[in-house]
Amino acid sequence: MSQEFFPKIGRIPYEGTKSKSALAFRHYNAEEKVGKKTMKEHLRFSMAYWHAMKNPSGDPFGVGTRLRPWDDGSDSVENAKRVADAGFEFMEKLGLEYYCFHDRDVAPELGDLRASSDALDEVAAHLKKLQRQHKVKLLWGTACLFSHPRYMQGAATSPDADVYAYAAAQVKKAMEVTHLLGGRGYVFWGGREGYSTLLNTNMKREVGNLAHFLHMAVDYKKKIGFKGQFFIEPKPREPTTHQYDSDAAACLNFLRENDLLKDFQLNIETNHATLAMHRMEHELTVAADAGALGSVDANTGDELIGWDTDQFPTSIYLTTQIMWQILKMGGFKTGGLNFDAKVRRDSYEPVDLFYAHIGGMDAFAKGLKIAHRILQDGDFAKFVTQRYASFDRGIGKTVTQGKATFESLEKHALANGEPMPGSGRQEMLENLLNTYLD
Ligand code: XUL
Ligand code: CO
């Protein structure tokens, strides 16, 4: 290692729950087995390059506050490589096995497309070397199709065909780089794919163009032999007023309607779920029920704030419910838990990045252990099975089998008098869940 960026911090150890150290894990013990897999195999933690390495912590009312001695703010490839060096030192010290990036996080956007792509190639060669050195893998790559002014009216849904072509060229390059780096996946998040007023918008045309765009991406993926998983990441708004990929159900509908469902899964983010007025476990379940739950952007929002605050997840109640869904679908395959989360603006020192990730990793490790016990005990599953048992016998079974008709159901209703379902027992179940968190 040429230069050390976090010289006072060593590898973060696992010390167990008795530890008083703020720079140690209390629950995350990478090699410890939970069921058949180790914690690290279950959780597949990933660093979000944009938040951890590049975000200066500015907000609409003030400039950035963060100390990031690894970044001189220049557009040079040299600077980009130094930022990468810091990032890989950080990941190795935390035991983060994966990372995710946008093309413009890792390399600068320069005067023209060719220059930007060349810079990306140069940095990618460096990333490849660092991945090997530090035993870190790429969870997913993506293209930033939302920062530059050219994308102010969208990228794959822009009303301007030249902008659309530029976006395609950028995605093509970002996919090539993701492929070169052995990326397990590639994410499409459409922050500008939407509209702010229908007075100037042809929604059908925009959504149609988006479908063409994604079909071209699938074709190109096959052409270059990229085997990673494609993901769409839903979000209802911010920065755009109405985003087309508003929630898991809207994404699934779009994918199905446009014959893309076999080629895409969803990357579900907690704060996006709540912005869509859903609980995270709702979004995960919608995706999982369609066989399309692929990956998770692990963060949390602030219930009192109406925008995407991207905070680190610390609630065990939340992480338990997330891991419950992930274990229920048999665990991550190509996806993982990507900390799409940022430290608060007033947590400006490099060490704060460590505290933040340690907290998130510990919260998920504990959530994993609890979720595993919940599933092993099977009490919730038993309750739910029982609740629907009337559809496994008698008249209910004819419904399940698709053999019932309105006439047969009317006959049953007439013969059986006033029906009364069993209690939903929500409070009892909430109490039961709390016993696991004791
Ligand atoms: C923005 C967001 C993105 C995606 C990747 O809200 O979540 O960072 O995860 O483009
Ligand atoms: Co995200």
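Me: Thr142, buried or exposed?
Reply: Thr142 is buried, at a relative accessible area of 4%. Buried is under 20%, exposed over 50% and partly exposed in between, with a 1.4 Å probe and protein chains only. Bear in mind that this is a predicted model, where local features need pLDDT of at least 70, side-chain atom pairs count only at pLDDT 80 or more, and totals for chains, interfaces and linings use all residues. Residues are numbered from 1 along each chain as its sequence is written, chains are lettered from A and ligands numbered from 1 in written order, and side-chain values use heavy atoms, leaving out hydrogens and water.

Me: Where does Thr142 sit?
Reply: Thr142 belongs to strand S5, residues 137-142. Strands are DSSP runs of E of at least two residues, helices runs of H or I of at least four, both numbered from the N terminus.

Me: And what is Thr142 in contact with?
Reply: Leaving out neighbours within four places in sequence, Thr142 touches Phe101, His102, Asp103, Ala174, Tyr186 and Val187; contact means heavy atoms within 4.5 Å. With Val187 there is also a polar pairing: a polar atom of the Thr142 side chain is 2.6 Å from the backbone oxygen of Val187. A polar contact is an N or O pair within 3.5 Å; within protein, one atom must be able to donate a hydrogen and the other to accept it, and sequence-adjacent residues count only if both atoms are side-chain atoms.

Me: On to the ligand. Which residues are around ligand 1?
Reply: Trp50, His102, Trp140, Trp189, Glu233, Lys235, Glu269, His272, Asp297, Asp308 and Asp340, each with a heavy atom within 4 Å. His102 is also on the contact list of Thr142.

Me: What about Glu269, Asp308 and Asp340: how many Å from a ligand oxygen?
Reply: For Glu269, a side-chain N or O atom is 2.8 Å from an oxygen of ligand 1. The Asp308 side chain has such a pair at 3.0 Å, and the Asp340 side chain at 2.8 Å. The protein covers 94% of the 290 Å² of accessible area that ligand 1 has on its own, computed by Shrake-Rupley with a 1.4 Å probe, where for residues only the protein chains shown count as cover.

Me: OK, zooming out. How many helices and strands?
Reply: The chain has 16 helices and 12 strands. Its radius of gyration is 24 Å, close to the 22 Å from the globule rule for 438 residues, so the chain is as compact as a globular protein of that length. That radius is over C-alpha atoms, and the rule is 2.2 Å times the residue count to the power 0.38. Of the 438 residues, 50% count as buried.

Me: How far apart are Ile224 and Pro421?
Reply: They are 197 residues apart in sequence and 55 Å apart in space, C-alpha to C-alpha. Ile224 is in helix H7, residues 203-224, and is partly exposed at 23% relative accessibility. Beyond neighbours within four places, Ile224 contacts Met175, Glu176 and His179.
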